[in-house]
Amino acid sequence: MGLTGAQPGVAGDGTGLAAPRPGARVPPSAPHIKDRVAGPTATTEPPPHCAPPMPAHTDVVEQRLLADPHLLRDIADAVGGPFHVLFPERVSANITAFQSAFTEAGIDGFVYFGKKANKAACVARACAETGAGIDVASTGELVAALGQGVRGEDLMVTGPAKSDELLWLAARHRSLIAIDALDELDRLAALGLPVRVLLRVLPEGSTSRFGLDPMELEQAIQAITAPITLSGFSFHLSGYDAVARSEQAAALVGHCRRARANGHPADTISIGGGFGVDYLDAATWAEFQNTLSDKWFHTNPPGDYYPYHFPAPGSAMLEAVLSHNDLAGLVRDNGIRLAVEPGRALVDRAGSSVFRVQGVKNRTALGNPYDILTVDGTSLSLSEQWFDSEYLPDPVLWPQGPGHRTPTCVGATTCLESDLLSRRRIPLPRRARTGDLLVYPNTAGYQMDSNESPFHELPLPPKVVLRAGADRLRWSLDSTAR
């Protein structure tokens with residue numbers, strides 16, 4: 001990619017910035033702009049036009065990557081930019097934590113990864129190797145999961161109005177199919193293949209377009225005959241309320257009992273996903289919420305945010321679900337398998353997104369200077385923008401080094417005014433320079449490829465797989481990037 005940025009070390013010109021790589025071109029205006037943006041050090045309060053720092057929790061492999069003086073640059077030179085980095089060992093650890101929660105509760109539980117959260121082949125392979133299944137909603141996702149070694153019977157097929165091709169392929173592979181509408185049963189029956197199904201229940205009081213209402217649910221139970229097997233029931237809830245999930249799960253146990261009275265095995269319930277992820281510590285998240293100001297933003301601030309601090313995330317939330325009103329005991333006493341379908345919780349701290357700084361401009365707000373960076377990618381690589389929101393964990397400026405804190409927002413390389421990766425002015429620890437890298441942490445959950453687009457005919461960012469060797473980190477391209 002021919003990056004012309006800084007290497008680790010301190011320049012000898014007194015700027016406090018890292019020295020440029022030999023042969024790098026430094027914009028002629030840089031010394032003048034540097035004088036304008038030199039501001040408070042990292043030990044003082046941020047100016048009123050700058051957001052507070054929001055450092056993310058990170059995995060040890062990412063910490064090693066950021067500390068390595070050469071590896072990020074080597075990858076960038078080899079694959080171009082932007083690119084995503086994935087840590088599959090972290091995926092395996094997250095899966096194991098959910099499995100351990102089931103074991104400690106003494107129940108039969110099974111983990112399905114919500115594949116829509118991340119398309120990387122290495123994530124699906126980690127599921128296969130760690131004994132997890134995958135929740136798929138298209139023929140493409142189903143084929144991709146099979147290609148990484150996940151067995152057909154360990155796939156759950158969800159989504160509304162499934163295509164005939166998806167139903168046929170799922171039936172052929174003995175996958176578990178979550179039925180969302182009565183016509184899906186009719187089309188499955190027409191195939192004449194043995195198939196296992198869950199009936200997706202519309203929670204009471206919900207206005208969701210998904211699931212079967214009580215009348216449809218009863219019709220489905222009565223209509224199911226061999227070779228279709230009613231294996232149980234499922235639901236999905238918005239939000240991250242452990243109590244609501246536990247109580248809805250107890251209701252599904254009741255559905256299983258009634259279905260058994262009609263001769264169905266009904267031995268499985270799925271409580272879906274929605275297991276929170278803890279991106280930021282409690283104090284950082286509280287400060288952001290309590291002091292949030294429109295003055296921090298280069299343009300209109302978002303209206304809503306993901307709950308970036310979650311006190312009982314991932315498997316800890318599953319433990320809370322199982323302990324409420326002794327749901328674990330209810331499930332165990334009725335001989336029921338409980339399935340979960342986490343998405344971002346299984347790829348928590350399992351990947352980051354890396355962008356190259358292509359340009360730096362200086363502007364003024366409230367009489368104070370700040371920088372606008374242009375990076376070699378688009379905001380579609382941080383999918384919170386899809387929801388007119390913003391991804392809050394601060395990017396890490398690489399290479400690291402001393403300097404003056406510089407309020408900075410981040411724009412994309414397209415010609416759209418609204419194409420901003422970070423609208424708020426982030427307190428970078430030093431001034432960014434052309435050729436530097438910005439590493440957005442913990443983006444494997446939905447952020448890095450849910451909304452990617454080859455806009456301007458820009459290539460989609462490749463995915464790089466990083467594994468920890470005994471002596472050093474080793475990288476390769478994910479098969480989805482080839």
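Student: Which residue in β9 is the bridge partner of Val111?

Tutor: Keep in mind that this is a predicted model. The partner of Val111 is Val340, in β9. Now for the strands behind that bridge. Strand β2 covers residues 109-114. Strand β9 covers residues 337-340. The two pair in the parallel sense, over three bridges.

β2 also pairs with strand β3, residues 133-136. The sense is again parallel, with three bridges. One of the contacts to name here is Gly114, whose bridge partner in β3 is Asp135. Helix α5, residues 121-130, belongs to this part too. Together β2, α5 and β3 form a β-α-β unit, and the unit is right-handed.

How covered is β2? Mostly: five of its six residues are buried.

Next, the nonpolar cores. In soluble globular proteins, nonpolar side chains tend to be buried together. The largest nonpolar core here has 102 residues. Leu199, Phe233 and Leu338 touch the most other members. Helix α10, residues 242-261, gives the most to this core: six residues.

Take Leu199 by itself. Leaving out residues up to four places away in sequence, Leu199 touches Ile179, Leu212, Leu217, Ala220, Ile221, Ile224, Leu230, Gly232, Phe233 and Ser234. Another core lies apart from the largest one. That other core has 17 residues, among them Leu72, Phe83, Phe87 and Leu437.

Conventions. Residues are numbered from 1 along each chain as its sequence is written. This is a predicted model: local features need pLDDT of at least 70, side-chain atom pairs count only at pLDDT 80 or more; totals for chains, interfaces and linings use all residues. Side-chain values use heavy atoms; hydrogens and water are left out. Buried means under 20% relative accessible area, exposed over 50%, partly exposed in between (1.4 Å probe, protein chains only). Helices (H or I, at least four residues) and strands (E, at least two) are DSSP runs, numbered from the N terminus. Two strands pair if DSSP finds at least two bridges between them. A crossover is right-handed if, with the strands pointing away from the viewer, the path from the first strand over the helix to the second runs clockwise. A nonpolar core is a set of buried Ala, Val, Leu, Ile, Met, Phe, Trp, Tyr and Cys residues joined through side-chain atoms within 4.5 Å. Contact means heavy atoms within 4.5 Å.
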